[in-house]
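Please brief me on how the side chains pack in this protein. I care about aromatic contacts, strand pairing, nonpolar cores and charged pairs.

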Amino acid sequence: MAPLSGSGARSAGAHRAVWWAGFLGVALTLGLAPAHHASEAQGMSGSGGVVALLDVAAAAAGQSAFGSGFFIGSDGTVLTNAHVVLGFLRDPGRYRLIALWNGEWFSASVTCASALPAYQTLDDTQPVHPRRDIAEVRLGPAPAGQVVQVQGRQWRPHTGPLPAFPALAFAGRDPVAGQQVETLGYTFSVGPPTLMTQPGRVLSLFKASDGTPIVALRYATPAQQGESGAPILDTSGYVVGMQTWKSASKPHDGAGIAQSALKTPCQ
């Protein structure tokens, strides 16, 4: 499988990668713990404008996917990848979408999402070509009395009015080759959701076959599953893209969707 690497723009057909979502399987449980257990919940320090998203399968429905997202509105509007919420999109009767932020969990609904290929499944080993892969999600209150436990950590439900969420701002222009960037997303690979900063640089900017502007990236350390939907930030903290894929053969290489394609996700 060809990596997303090299300098200069290359044709979209030359770039193949795997989805960047991850899977929890039986490690995630959604229980009905009494509300007084909420004091045991532990927050995620430094979460800021980034949120963890879980596409939770019912007990008999198979694996549950996870990914990242970031606020673009103080009302709880979040951007992520469409493949992060794929289970909920295709079978809302078997999947439930929730968000973890600031020590609490929220219900979540999909406002709009890119149409993904018919062959795509909840299998992150599936080879795909870069393309539009964007979803807009809206957070809402959680049902009272339900505590979510993810790999040994609990999150209390947010049942009151929603807070003013810290929205991230767009840079206003797409990144350029050689530019230093960093991503800020969650990984579940070593336990509960952990926010990770991943420094890197832009290798190139090219257009996918459907016209979506794609940013090819090289990271200082290997990419982690669960960072799908994480913001790609410039050195001033502005959003220049959203990471989406990792290379199947080069662990330091990946790609994301440039910010010019993110400003109107529902159009």
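This briefing goes through those topics one by one.

The model is predicted. A search of the whole structure gives five aromatic pairs and four salt bridges. The largest nonpolar core has 31 residues, and a second, separate core has 18.

**Aromatic pairs and cluster**

- F71 and F165 form a stacked pair. Their ring centres are 4.6 Å apart, with 20 degrees between the planes. That angle is under 30 degrees, so the pair counts as stacked.
- F71 sits in strand β5 (residues 65-71), while F165 sits in the loop between β12 (153-157) and β13 (180-187). The pair therefore ties together parts that are 94 residues apart in sequence.
- Both F71 and F165 are buried.
- F106 and F165 also pair, with ring centres 5.6 Å apart and planes at 70 degrees, so this pair is edge-to-face. The cut-off for that class is over 60 degrees.
- The F106–F165 pair again links distant parts of the chain. F106 belongs to strand β8 (residues 104-113), F165 to the loop between β12 and β13, and 59 residues separate them.
- F106 has 0% relative accessibility, so it counts as buried. F165 is buried too, at a relative accessible area of 2%.
- F71, W101, F106 and F165 make up one aromatic cluster.

- Seven of the seven residues of β5 are buried.
- In a regular strand, side chains alternate between the two faces of the sheet.
- On one side of β5 are A65, G67, G69 and F71; on the other are F66, S68 and F70. All of these are buried, so both faces of β5 are covered.
- β5 pairs with strand β4 (residues 50-57) in the antiparallel sense, over six bridges. Within this pairing, F70 of β5 is the bridge partner of V50.
- β5 also runs antiparallel to strand β6 (residues 77-80), joined by two bridges. Here F70 stands opposite L79 of β6.
- The hairpin of β5 and β6 has five residues between the strands. In this hairpin, G76 takes a positive phi near 100 degrees.

**Nonpolar cores**

- In the largest core, with 31 residues, L54 and L100 touch the most other members.
- Strand β4 gives the most to this core, with four residues.
- The second core, of 18 residues, is separate. Its members include V85, W101, L139 and F165.
- W101 and F165 of this second core also belong to the aromatic cluster with F71 and F106.

**Buried polar residue Q198**

- Q198 lies in strand β14 (residues 194-207).
- Q198 has a relative accessible area of 2%. The cut-off for buried is under 20%, so Q198 is buried.
- A polar atom of the Q198 side chain lies 3.1 Å from the backbone oxygen of P222.
- Leaving out residues up to four places away in sequence, Q198 touches V181, E182, T183, Y219, T221, P222, A223 and E227.

**Salt bridges**

- R138 and D75 meet through their side chains, at 3.5 Å from N to O.
- This pair links distant parts of the chain: R138 in strand β10 (residues 135-140) and D75 in the loop between β5 and β6, 63 residues apart.
- R138 has 34% relative accessibility and counts as partly exposed. D75 is partly exposed as well, at 38%.
- R94 forms a salt bridge with D91; the closest N and O atoms are 3.6 Å apart.
- R94 is partly exposed, with a relative accessible area of 40%. D91 is also partly exposed, at 26% relative accessibility.
- D253 and R218 form a salt bridge whose closest N and O atoms are 2.8 Å apart.
- D253 is in strand β18 (residues 253-258) and R218 in strand β15 (residues 213-219), so this bridge ties together parts that are 35 residues apart in sequence.
- D253 is buried, with a relative accessible area of 1%.

How values were computed
Residues numbered from 1 in each chain as written. Predicted model: local features only at pLDDT ≥ 70, side-chain atom pairs only at ≥ 80, totals over all residues. Heavy atoms only, no water. Phe/Tyr/Trp six-rings, centres within 6.5 Å; stacked < 30°, edge-to-face > 60°. Buried < 20%, exposed > 50% of the residue type's maximum accessible area, 1.4 Å probe, protein only. Pairing = 2+ DSSP bridges. Core = buried A, V, L, I, M, F, W, Y, C linked by side-chain atoms within 4.5 Å. Polar contact = N/O pair within 3.5 Å; in protein donor to acceptor, adjacent residues only side chain to side chain. Contact = heavy atoms within 4.5 Å.
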